Structure formats: C-alpha cells, structure tokens
Amino acid sequence: MCRAPTGVTLHRGSQEAGSAALEFIVIGIGLLVPLMYLALCIATVQTATFASAQAVREAGRAFGTAPTPEVGRSRAVAAARLALADHGLSLPPGSLRVDCPVAPCLTPGSLADVSLGWSVPLPWLPAGLSDRAAASIPISATHRVPVDEYRSSPGTIP
C-alpha cells in the first residue's frame, strides 16, 4: 500500500482550477482591444500624412507647369484630389493653398508655395460624443516649387 510521506498533504482539487483561461480572456481583451485601436489610429494618421505629402508634391508640379495661375490652381486642386483618392481619402474644400511670394505668379525663376491643412477623423468615433465635432488629428504638408527659368511669362502664348 502506498502512503504519502509524513507532513505532505495531497490536494486533489484546487479552487483556482480553470482561472488561467479567464485571466487570459480578461487581460487579452483589456489590453489587446485598446492596443489594436491605437495601431489603427496610428495607421490612419500615417496614411493621411503620406497622402498629404504626395498631394502637395503633385499639386506643385501641376501648378508649376500650367500656362496661367488660374489654370494652375484648378490643376493643382485636381492633382491633390487624385493623390488623396489614391489613398482612399478625399480633399476637403478650401484645404489646399497655393501662394506666390513673387507677383505675378508663375514668373520665370520664381517660387510657388503649396500647402495643405486638414484634419483626419479618428476611426469609430462618431460625432456627437461631445459639443465638438468628431475627434480628429490635424495634418499639414507644404511644398515649395521652383518655376522654370526658361518658360514664357504667365499669360503669353509661346
């Protein structure tokens, strides 16, 4: 017959049996869900940042090669709209600005500054949670475009 050594007590059942699965679920959900949401927010902001940088570059190229400033501004908006659409985003009205430090715009050898400023909304946060609009992160991008020195003056037909 087998006997336990003296002073040793054998426990057949423990009150903590099965609690590891419960702890894993609680800690997993408590940590995993917020971390996944944080990763999603970071990815959304990073996408908007890359898209904004591409949009101002393309808008600057479109503006710098236009025959007149008016045509250049419409081309710049169209180029920025396309660049943002490539990333699944849309250009907010009035967010793209084209400034010329030297008047008139598109003077040979001058510069043009293209800037984009807008806010990207954070995912899954609806408007109306507070008095303000939906939670968003401001995004801005700028690009300086040199105008070709050997082009004709603005408004002249070559």
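Cys105 counts as buried because its relative accessibility is 12%; buried means under 20% relative accessible area, exposed over 50%, and partly exposed in between (1.4 Å probe, protein chains only). This is a predicted model in which local features need pLDDT of at least 70 and side-chain atom pairs count only at pLDDT 80 or more, while totals for chains, interfaces and linings use all residues. Residues are numbered from 1 along each chain as its sequence is written, and side-chain values use heavy atoms, leaving out hydrogens and water.

| Residue | Relative accessibility | Class |
|---|---|---|
| Cys105 | 12% | buried |
| Cys41 | 10% | buried |
| Leu38 | 47% | partly exposed |

The structure has one disulfide, a pair of cysteine sulfur atoms within 2.5 Å. Cys105 is joined in it to Cys100, with 1.9 Å from S to S. The link of Cys100 and Cys105 is right-handed, with 115° about the S-S bond.

Leu84 is in contact (heavy atoms within 4.5 Å) with residues including Ala51, Leu91, Leu116 and Trp118, not counting residues up to four places away in sequence.

Leu38 lies in helix H1, residues 19-64; helices are DSSP runs (H or I, at least four residues), numbered from the N terminus.

Note on methods. Helix = DSSP H or I, 4+ residues; strand = E, 2+ residues; numbered from the N terminus.
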